Amino acid sequence: MIKKEIPFVVEIYASSEALNIADAALLASARATISSAYAPYSNFKVGASARLIDGNIVTGTNQENASYPVGICAERVLLSAVASQFKGAGITSMAISYDNLNGKSNHPISPCGICRQSLVEYEDRTHQPMRIILSGLQGEVYIIEKAQQLLPLIFSLMDMK
Ligand code: THU
């Protein structure tokens, strides 16, 4: 038996003011799009913004439904929009932010497991590492160099071959 450690590296910034201009702008875009979320059931609004390889910025928000499982997270709304409108385009960075029940979100959001699976597959299929920028409306910002880090030992197309 051997034990193998799988590294997970996260950069931690005190606030968005410590980011470079491009990352700060993408996070500002994610924060700004939160108001488009449709979350009357959870009142937890999420905004995501992607910078594509060609510089285009695309946004997405969570969209809930009276039939709860029908709801979709902001990250997957965004990935679907990019895949549909910019076929095959790599995403270089995605910023994700949220507004919680008290309206003062101040710690980085953590994407759900289904979204992690989707993010990694998008990264794989476009052969473009996707930096993930996580934050609330204020406070610390986490940056992860590629989505794949979010889900070690992922089940992927490779496993089916
Ligand atoms: N949600 C997202 O949109 N992204 C995440 O990373 C976490 C959760 C949404 C799903 C649901 O509409 C609400 O937040 C509460 O779970």
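Visitor: So a polar contact is a pair of N or O atoms within 3.5 Å. How far is a polar side-chain atom of Glu75 from an oxygen atom of the ligand?

Guide: The distance for Glu75 is 2.6 Å. Bear in mind that this is a predicted model, where local features need pLDDT of at least 70, side-chain atom pairs count only at pLDDT 80 or more, and totals for chains, interfaces and linings use all residues. Residues are numbered from 1 along each chain, and side-chain values use heavy atoms, without hydrogens or water.

Visitor: Which atoms of Asn62 and Ala74 reach ligand oxygens?

Guide: Asn62 uses a polar side-chain atom, 3.0 Å from a ligand oxygen. For Ala74, a backbone N or O atom lies 2.9 Å from one.

Visitor: And how much of the ligand does the protein bury?

Guide: The protein buries 76% of the 370 Å² that the ligand exposes when taken alone (Shrake-Rupley areas, 1.4 Å probe).

Visitor: Which residues surround the ligand?

Guide: Among them are Ser42, Phe44, Val46, Glu64, Cys73, Ile109, Ser110, Pro111 and Cys112, each with a heavy atom within 4 Å.

Visitor: Switching to strands, what does E6 pair with?

Guide: E6 (residues 141-144) pairs antiparallel with E1 (residues 11-13) over three bridges, and four bridges join E6 to E5 (residues 131-135), also antiparallel. Strands are DSSP E runs of at least two residues, and pairing takes at least two bridges.

Visitor: Which residues in E6 partner Glu11 and Ile132?

Guide: Ile143 is the bridge partner of Glu11, and Ile144 that of Ile132.

Conventions
A polar contact is a pair of N or O atoms within 3.5 Å; within protein, one must be able to donate a hydrogen and the other to accept it, and residues adjacent in sequence count only if both atoms are side-chain atoms.
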